[in-house]
Amino acid sequence: MQKPSIPKGTRDFTPLEMANRNYIFNTIKEVFRLYGFQQIETPAMENLSTLMGKYGEEGDKLLFKILNSGDYLASIDEQELTQRNSSKLTTKISEKGLRYDLTVPFARFVVQNRDKITFPFKRYQIQPVWRADRPQKGRYREFYQCDVDVVGSDSLLNELELIQIVDEVYRRLKINVCLKINNRKILSGIAEIIGQADKIIDITVAIDKMDKIGLEKVNEEIASKGISAVAIDKLQPILCLSGSNADKLNSLKSILAQSEIGLKGVEELEVILGLCERMNVQTRIELDLTLARGLNYYTGAIFEVKALDVEIGSITGGGRYDNLTGVFGMPGVSGVGISFGADRIYDVLNQLDLYPATRSEQTQLLFVCFGQEELNYCLPWLAVLRSKGVNVEVYPEPSKMKKQMSYADDKKIPFVAIVGESEMNQNKIMLKDMKSGMQEMKSMEELIEFMLLK
RNA sequence: GUGAUUAUAGCUCAGUCGGUUAGAGCGUCGGAUUGUGGUUCCGAAGGUCGCGGGUUCGAGCCCCGUUUUUCACCCCA
């Protein structure tokens, strides 16, 4: 017999775990709706042509590809097979892939459904994504993202609302977080003034590692990408910027005086931070120039949220992308969005044990089963209770009392109805409170009233 | 892709120097207790020691290969 197992980097969730996860999803959804976002879904799989090339070279490698159905080698000639060129062969035997994130499928959705949507379009989407990464702490191959995006509006008000959503979600979940913010335009400006505009990706990837590997190693990495020592010298004051957000922005204004795009970035951040202050956003917001984010479609503000009390990667991230729909043939549509990493939030909540006590999902009342006659008597009671919205179940077979009571106990069902000859004669049931152990005879009307109060 | 690490009962883990029949706790099932759960006590079931090879009189333990787990790097939620 084979040992049962699931693929690496995936997880099962028990009923208790699902109740906890639904608490997260429901909290996030409620906040999204407060800001006028509406839900959509897209397929788990997309055409590979939709996904390829959107996440950089690394991202392409991390896509799960789906083998074509049927005789997928039929159209491959002998020569191609013997060449053993995997990447070339892949395009012929695989035309579909599992989605890598929700943003790119969303961009595809917008272009494909443009006749059905009105701009600005505010959508949220809560679905799993798949990445062929090596799993490790806080990193899975299948995980849920909760995305909110607005497309078709350049207004920085959208950035404010996304920050307010972050603020509200983590306030409700009781997780202490720090929101890091930066702007890709500032990073571009920096690359521009040191005369290395084309190396912007290399530079941002390197400085993103600032707090991980330190200044010296970052400089080494930048140098290894073929950037001159003079340019690296010019980078130093920027990397070592400190003080309040306002201080940093002021310093940047003089450093980036010669870069139009850089100044634009500074100005955008000033507006966003000003709005946050006016709206009294509680979450600590930190301008962090080392925040670059890997996904290369961002063009404006970029965000990342870190939990303060748990050692885990970022739990939320996002930013503005000016032309994501362009690759699907719809230029000039700007979007901004963020993604809550539900699985990491779940890990954080588990570690800090921050779940509320109430669990509305569970059964509220169990009918004990003595035999066929008693069962026939109970079934109409169950139907009535259910029609009133009470979660109720009956033990499906006449097992020993002990076993049935243990079942209620394990499942944390707060009340048990016991029905035998004397109860049936009186047209009542015996209701037992599992917590106190007290029990009392109740008529149908009394029982309904009692259960609805609970 | 690179470097470590792990694997023994359903789960978590012991297992001495290589030596008789591989243990514990939890869980499951049964009993003490046939209309009353949690606590307690008693009992039972449950193992190809990841897999394949090698060394040895003898391997859970040593060697080689392989798979798997976890962690770090890369990248990311």
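Author: Helices (H or I, at least four residues) and strands (E, at least two) are DSSP runs, numbered from the N terminus. This is a predicted model, in which local features need pLDDT of at least 70 and side-chain atom pairs count only at pLDDT 80 or more, while totals for chains, interfaces and linings use all residues. Residues are numbered from 1 along each chain as its sequence is written.

Reader: What pLDDT does chain A average?

Author: Let's start with the term: pLDDT is the predictor's confidence in each residue, from 0 to 100. In chain A, 97% of the residues score at least 70, and the average is 89.

Reader: Why is helix α6 largely enclosed by the rest of the structure?

Author: Buried means under 20% relative accessible area (1.4 Å probe, protein chains only). Among the buried residues of α6 are Phe106, Arg108 and Phe109. Helix α6 spans residues 103–112 and is largely enclosed because the buried ones number 9 of the 10.

Reader: Which helix gives the most to the lining of the largest cavity?

Author: Good one! On a 1 Å grid over the protein atoms alone, a cavity is a set of points where a 1.4 Å probe fits but cannot get out, and lining residues have an atom within 4 Å of a point. Here the lining is Glu80, Gln83, Asn85, Lys88, Leu89 and Lys92. Both α4 (78–83) and α5 (86–93) supply at least two residues. With 3 residues, the one giving the most is α5.

Reader: How many charged residues does that lining have?

Author: Asp, Glu, Lys and Arg count as charged. By class, the lining of the largest cavity has 1 nonpolar and 2 polar residues, and the charged ones number 3.

Note on methods
Chains are lettered from A and ligands numbered from 1 in the order in which they are written. Side-chain values use heavy atoms; hydrogens and water are left out. Buried means under 20% relative accessible area, exposed over 50%, partly exposed in between (1.4 Å probe, protein chains only). On a 1 Å grid over the protein atoms alone, a cavity is a set of points where a 1.4 Å probe fits but cannot get out, and a pocket is an open set with protein on both sides within 12 Å along at least five of seven lines; lining residues have an atom within 4 Å of a point.
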